[in-house]
Amino acid sequence: MLRQVLLFLHFASAMVWVGGMVFAYFCLRPAAAQLLEPPQRLPLWARTFGRFFPLVGVAVALILLTGFTMLLQVGFAAAPAGWHVMMALGLLMSGVYAYIVLVPYTALQRYCEAAAWPAAAASLNRIRQLVAVNLVLAAFTVAAAVAAR
């Protein structure tokens, strides 16, 4: 029973994180760019991230906690190679997320408050690039999970 709960929390958290990135990158971003000028679009992103990033923080914590718990239950040496790849990629993705929140997102908020639109746009662009990196890493993580089956 514990394993099923851990798996549910692990996958549900991954859905929140990766699904949110997919929605933001492929749906919200193009629509906002098409419909809104920077003085409206950039604060929209800052507020959206202000709601999304705390959810992702919880999701990341749950992913790491459940992943390590399941790995420890099996033992590092007995775990499939794919689990080790997932762990490494998950830690890398978590680091990218932490960097996004601490550096370009903080700058985006500051620049939006100052109505410094070019600087805010540069911060948002950096976030976009890093989200793209995390989406690629997420795809490799899913491939590792499938290979571990």
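Me: How many helices and how many strands does the protein chain have?
Reply: Four helices and zero strands. Helices here are DSSP runs of H or I of at least four residues, strands are E runs of at least two, and both are numbered from the N terminus. This is a predicted model, where local features need pLDDT of at least 70, side-chain atom pairs count only at pLDDT 80 or more, and totals for chains, interfaces and linings use all residues. Residues are numbered from 1 along each chain as its sequence is written, and side-chain values use heavy atoms, with hydrogens and water left out.

Me: What pattern does the chain follow along the sequence?
Reply: The pattern reads α-α-α-α.

Me: What does the C-alpha trace span?
Reply: About 55 × 25 × 25 Å along its principal axes.

Me: And what share of the residues is buried?
Reply: Buried residues are 35% of the 149 in the protein chain. Buried means under 20% relative accessible area, exposed means over 50%, and partly exposed is in between, with a 1.4 Å probe and protein chains only.

Me: How much accessible surface is there?
Reply: About 8,500 Å² for the protein chain. Carbon and sulfur atoms account for 73% of that. The areas come from the Shrake-Rupley method with a 1.4 Å probe, and for residues only the protein chains shown count as cover.

Me: What about contacts, how many join residues at least 24 apart?
Reply: 75%, among contacts between residues at least 6 apart in sequence. A contact means heavy atoms within 4.5 Å.

Me: Helix packing next. At what angle do α1 and α2 cross?
Reply: Roughly 155°, and their axes come within 8 Å. Axes are lines fitted to C-alpha atoms, for helices over the stretch in contact, and angles run from 0 to 180 degrees between N-to-C directions.

Me: Which orientation does that give α1 and α2?
Reply: α1 is roughly antiparallel to α2. The cut-offs are under 35 degrees for roughly parallel, over 145 for roughly antiparallel, 65 to 115 for roughly perpendicular, and oblique for the rest.

Me: Left-handed or right-handed, that crossing of α1 and α2?
Reply: Left-handed. That term applies if the near helix is turned anticlockwise from the far one by less than a right angle; clockwise would be right-handed.

Me: How do the residues of the α1 contact with α2 divide?
Reply: Into 21 nonpolar, eight polar and three charged. Ala, Val, Leu, Ile, Met, Phe, Trp, Tyr, Cys and Pro count as nonpolar, Asp, Glu, Lys and Arg as charged, and the others, Gly among them, as polar.

Me: Now α2 and α3. Where do they run, and at what angle do they cross?
Reply: α2 covers residues 38–74 and α3 covers residues 81–113. Their axes come within 10 Å and cross at roughly 160°. The two are therefore roughly antiparallel to each other. The contact of α2 with α3 has 22 nonpolar, three polar and no charged residues. α2 passes α3 in a left-handed crossing.

Me: And at what angle do α2 and α4 pack?
Reply: About 45°, with the axes 10 Å apart. That makes α2 oblique to α4.

Me: Which residues make that contact?
Reply: From α2, Pro38, Pro39, Leu42, Pro43, Trp45 and Phe49. From α4, Trp117, Ala120, Ala121, Leu124 and Ile127. By class, the contact of α2 with α4 has 11 nonpolar, no polar and no charged residues.

Me: Switching to single residues. Is Ser13 buried or exposed?
Reply: Ser13 is buried, at 5% relative accessible area. Its place is in helix α1, residues 2–35.

Me: What does Ser13 touch?
Reply: Ala59, Leu62 and Ile63, not counting residues up to four places away in sequence.

Me: What is phi of Ala115?
Reply: Near 55°, a positive value in a residue other than glycine. Ala115 sits in the loop between α3 and α4 (117–148). Ala115 counts as partly exposed, at 43% relative accessibility.

Me: How far apart are Gly50 and Tyr105?
Reply: 8.9 Å in space, C-alpha to C-alpha, and 55 residues in sequence. Gly50 is in helix α2. Gly50 is partly exposed, with a relative accessible area of 34%.
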